[in-house]
Amino acid sequence: MQLALKKSDMNNTLSGRDEPNWGLVRLRRSLCCLLLVPYLLTACGGGDGGSPAVPHTSDAVAAASEPAAQVASSHSANSNQVTPWVTDALAATQTLPASPVASSAPVNSAPATAKAMLGATAGMAVSDLTPPTGIPGDVITITGAGFTNATRVIWRGGQLPSHDLSANQMLILLPQINSAQDLNGTVTLIREDNAQVTSNASLTVQALPQPSALSVTNAHEGDQVRIDGKYLIPPLIKSMTIGDMEFLPTSANGAGTQLFFTVPKGATSGSVVLLDWKGHRISAGTLNVIPPTPSIEITSVQFSQGPLYTVSGPTVDKNVRLVSQRDLLVRLRLKPAESLGQIKPEVLLAYGNDAQAVQVVSMAGPATLSTTSVAENDMANSYTYSIPGSAVDKGFFFAVKVSDSRYPDATKIFNYTPPAGALSGGTYIRVHLVPTVRPDGVRAKIDPEHFKRELMAVYPLSTVDVVVEPDFHWTVGSQISNDDILDLLSDMNTLRSSSQSNNYDFYVGVMACYCSSVAVFQGRALVVADTWYGSNANAVTEAAMHEIGHNFGRLHPWDDANSPYRNGGVIGSGPWLPEVGPDYSLSFVDPSTRYDIMSYDIPDAISPYTFSGAYDYLKANLPLSAKPKLLRASAPVGQALFITGSINLDSGKARLRKPTSVSASPDTVAMAADSTPGSQDYVLEINTATGSYRYPLQPKTVVTERSAQSLASFELKVAPVGQIQRMRVRRGDTLLLDQSSM
Ligand SMILES: [Zn+2]
C-alpha cells in the first residue's frame with residue numbers, strides 16, 4: 001500500500017503536455033515502473049482528416065425532428081393551460097419523411113495517383129436489418145456482405161455508433177431522438193474503398209415519452225402528482241400503472257412537459273410507469289404511497305448485478321443498468337413500526353417478463369425481526385433472493401410483499417419496473433490467460449478462478465468463460481523495457497488472431513514481474529504483471545480489472561470530461577460496491593472508502609459511472625448472442641494476412657511485427673486507387689512484385705500507465721497479397737516507417 005503513487009505526483013507529470021488531437025489517452029510516468037493502459041478510439045473512427053463531412057448523429061437527428069411543442073399545440077391553444085386527457089383522439093403516430101441521406105461523397109475526389117495502386121475487392125450488400133424498428137439504446141443487427149472495420153453507417157444524415165462483427169454482420173446502436181414522432185430512413189454503409197450500399201428497407205426509431213421526475217416522493221391515495229419531462233402527450237401515452245393498477249392520467253399541459261395523475265385508491269408503493277401505444281413501459285420514477293395505518297416499513301429495496309442499487313429511493317440513479325440473462329440479487333431491509341413490536345415476517349418475491357409467467361418465491365432472511373433498523377452492510381438480517389438470469393429480459397419486473405400473520409393490516413407491497421433503456425441485451429466475453437515464462441525459467445502466477453469471479457463481480461457481463469493458454473516463452477533480457485512490454489502486447493494480438501478468435505476473445509498476457517501493465521483502448525488484448533502492491537490477488541483486483549476497463553472503453557478519470565471523479569477523491573456516495581475477497585467471497589463495501597477503479601488510487605472499486613459506461617460499450621459490441629456456435633457456424637473463415645504493430649506518437653516512430661498468415665476473414669480492404677488520405681490519416685502501404693496496396697490504419701490508443709509516452713497500436717487482417725517487398729507506414733505525407741524486408 002505504501003507504494004501508491006500520490007495524486008500530486010501525477011498532476012505534476014501532466015503539466016505542459018498538449019492535448020493530442022485524435023483522442024488519445026494521456027500517458028503517465030513514474031521512475032520505477034510503467035503500466036500500459038488500453039487505447040481509445042472514438043466511435044466514429046480515429047482519423048480527423050479526409051473523412052466525408054458527416055454531421056454528428058445527435059445533431060443530425062435533432063435537426064430532423066420536430067419540436068415537441070409543435071406536436072402538442074394541436075391539443076391546446078395555450079401551453080400554460082392544463083388540458084384534459086383525451087384518449088379517443090389518438091391517431092397513430094405519423095412518421096416524418098426521411099431526410100435525404102448525406103450524399104456519401106467519396107472520401108476524396110483527388111485524381112488518380114501515378115503509382116499503380118491495386119484496387120478494392122468485392123462489392124457490398126445489405127440484406128436485412130434486425131429488428132427494423134426499435135427505441136433509443138436498442139442494438140440492431142445489419143446483415144449483408146463486404147463489411148469492414150472502417151465501414152461507416154449513415155442514417156438520416158448522421159453517423160450511427162457501429163461495430164463490425166464480421167464481413168456479414170454489423171451492430172448499430174439506435175440514437176436518442178429529439179422528436180415526438182417516430183423517425184425512419186434507409187441506412188447507407190460506406191467502406192474505406194468508397195464502395196457503398198443503401199438498404200432497401202427503412203430503419204425506424206420510435207418516439208417515446210421522456211419523463212424526468214415526479215413532483216413528490218411521498219403521497220397518499222387521492223393526492224395529485226405531477227410528472228415532468230418531454231413528449232408527455234396523448235399520441236405517445238396510452239395509460240399508466242402503479243403496480244398492477246392501470247389508470248389514465250388526469251390532465252397534461254399543452255407543451256407536453258407536465259402530466260398529472262391522481263394516486264388511485266389501493267395503490268402500492270413502487271414505480272410509476274407510462275404505457276405507450278406500442279406496448280413500451282417507461283418508468284417515470286418511484287412513488288412511496290403512504291398507507292393509512294402503521295405498517296412494516298420497507299427501509300430499502302435494492303438489487304445488484306454489480307453495484308447494489310437502491311430502487312426504493314426518491315430518485316432513480318441514472319447509472320442503473322440491468323444486464324439481460326444475468327442473475328439479479330434482490331435485497332430487502334425491513335423495519336416494523338414501533339407499535340408492532342417484534343414480528344415474524346413472511347417475505348414474498350414475484351417476478352416475470354414478457355415471455356415468462358410470474359414466479360412467486362419466498363425470500364431468505366431472519367425468522368424474527370425487531371424494530372431495530374438493519375444496517376446497510378448487514379446482509380444476514382436482510383431478506384435476499386437471486387432471480388435467475390433467464391427471467392431478466394424484455395418486460396422484466398418484480399414485486400415484494402411483506403406481511404406478518406398476526407398483523408394482516410400491516411402488509412406492505414413494493415413493485416419495480418426498470419427505467420426506459422436500463423434493461424438491455426446480454427453480454428459475453430471469453431478471456432484467454434496466457435502465462436509467460438521468462439528466459440530464466442520463472443513462470444507467471446495465474447489464478448483463473450479468481451480472475452473469473454472478479455470479472456463477473458465487477459463488470460456487467462451475462463457470462464464469462466476463462467481459459468488458460470499454453471505457456472508463452474517470452475524473449476526478454478535481464479531488464480524488462482517499455483518496448484518489451486509493447487512487443488508482448490503485439491504478440492498477444494498475434495496469438496489472438498492466429499487462433500481463429502472471435503470478437504469476444506480477449507488475450508491477457510501475464511508477466512512474472514512487478515512491472516507495468518498495458519492495454520488497448522477498446523481493444524482485445526492486455527498485458528499485466530502477476531504481482532501488484534505486494535500480492536498476486538492485487539494484480540487481478542487492482543491492475544487487471546483496471547486494464548480490462550480500458551478494453552471496455554473506459555478512460556482514466558482525468559482524461560474523461562464526463563467523469564464525476566475527475567478531480568480525484570473517493571467515490572463517496574451512491575450504491576455500495578461489489579468486492580471479491582482473497583477467499584473468493586463476494587461482499588459489498590461503502591463507496592466512501594473506495595476510489596474509482598479507473599483511477600490510480602487504492603483501495604478501489606467499480607463506480608456506478610464506470611459500471612454503466614462499461615455496459616453501454618459491452619451491449620453494443622459484445623452481445624451474448626455472439627457466444628460460441630452462432631458466429632462460428634455462420635461465418636466461415638478464409639485465409640488472411642494478419643498485420644500488427646505500434647506507433648510512438650511522440651517520436652513518430654512505428655514498429656511492425658512480422659505479418660502472419662491466419663485462418664480468418666479479412667476485416668480491411670485496400671483503399672480506392674484514386675483516394676488521397678488526409679494529412680492526419682495513418683496508412684499502411686505494401687509493395688509487391690505486381691503493385692502496391694494501401695490500407696487505412698485505425699490506431700487505438702495504448703494507455704501506458706505512469707508513462708509520459710504517447711503510444712498507439714494497430715491490427716488488421718487483409719486478403720493475402722503475395723510476396724511482400726516493402727512496407728511503409730505513413731501519417732499524411734510523413735513517413736513513419738520504411739521496412740524493406742520482414
Ligand atoms: Zn490505466
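Two strands count as paired when DSSP finds at least two bridges between them. Keep that in mind for the close-ups below, which all come from a predicted model.

**View 1. Strands E45 and E46 make a hairpin.** Here E45 covers residues 682-688 and E46 covers residues 691-696. The two run antiparallel, paired over 6 bridges. Between them sit 2 residues. To get your bearings, look for Asn687, which stands opposite Ser692 in E46.

**View 2. Four strands line up as an open sheet.** Reading across, the order is E4-E6-E10-E9, and the pairing is antiparallel. E4 (125-130) and E9 (162-166) are the edge strands; each has a single partner strand, so one side of each is left without a neighbour in the sheet. From one strand to the next, the twist averages 25 degrees.

**View 3. Inside that sheet, E6 meets E10.** Strand E6 takes in residues 139-145, and strand E10 takes in residues 169-173. Their antiparallel pairing has 5 bridges.

**View 4. Helix H7 is mostly covered.** H7 spans residues 608-621, 14 residues in total. From first C-alpha to last, H7 reaches 20 Å, close to the 20 Å expected at 1.5 Å a residue. How many of the residues in H7 are buried? The count is 12 of 14, and among them are Pro608, Tyr609, Phe611, Tyr615, Tyr617 and Leu618. Lys619 and Asn621 are on the buried list too.

**View 5. Ala525 sits in strand E37.** That strand covers residues 525-529. Is Ala525 buried or exposed? Ala525 has 31 C-beta neighbours inside 10 Å, and the cut-off for buried is 20 or more, so Ala525 counts as buried. Setting aside neighbours within four places in sequence, its contacts are Leu489, Met492, Asn493, Arg496, Tyr507 and Val520. Phe506 is 19 residues away from Ala525 in sequence, yet their C-alpha atoms are 5.6 Å apart.

**View 6. Two stretches have pLDDT under 50.** The protein chain averages a pLDDT of 81, and 82% of the residues score at least 70. Over residues 1-82, though, pLDDT stays under 50, and the model has 211 contacts beyond four places in sequence for that stretch. Residues 630-635 also stay under 50, with 8 such contacts.

Conventions. Residues are numbered from 1 along each chain as its sequence is written. This is a predicted model: local features need pLDDT of at least 70, side-chain atom pairs count only at pLDDT 80 or more; totals for chains, interfaces and linings use all residues. pLDDT is the predictor's confidence in each residue, from 0 to 100. Two residues are in contact if their C-beta atoms, placed from the backbone, lie within 7 Å. The expected span of a helix is 1.5 Å times one less than its number of residues. Axes are lines fitted to C-alpha atoms, for helices over the stretch in contact, and angles run from 0 to 180 degrees between N-to-C directions.
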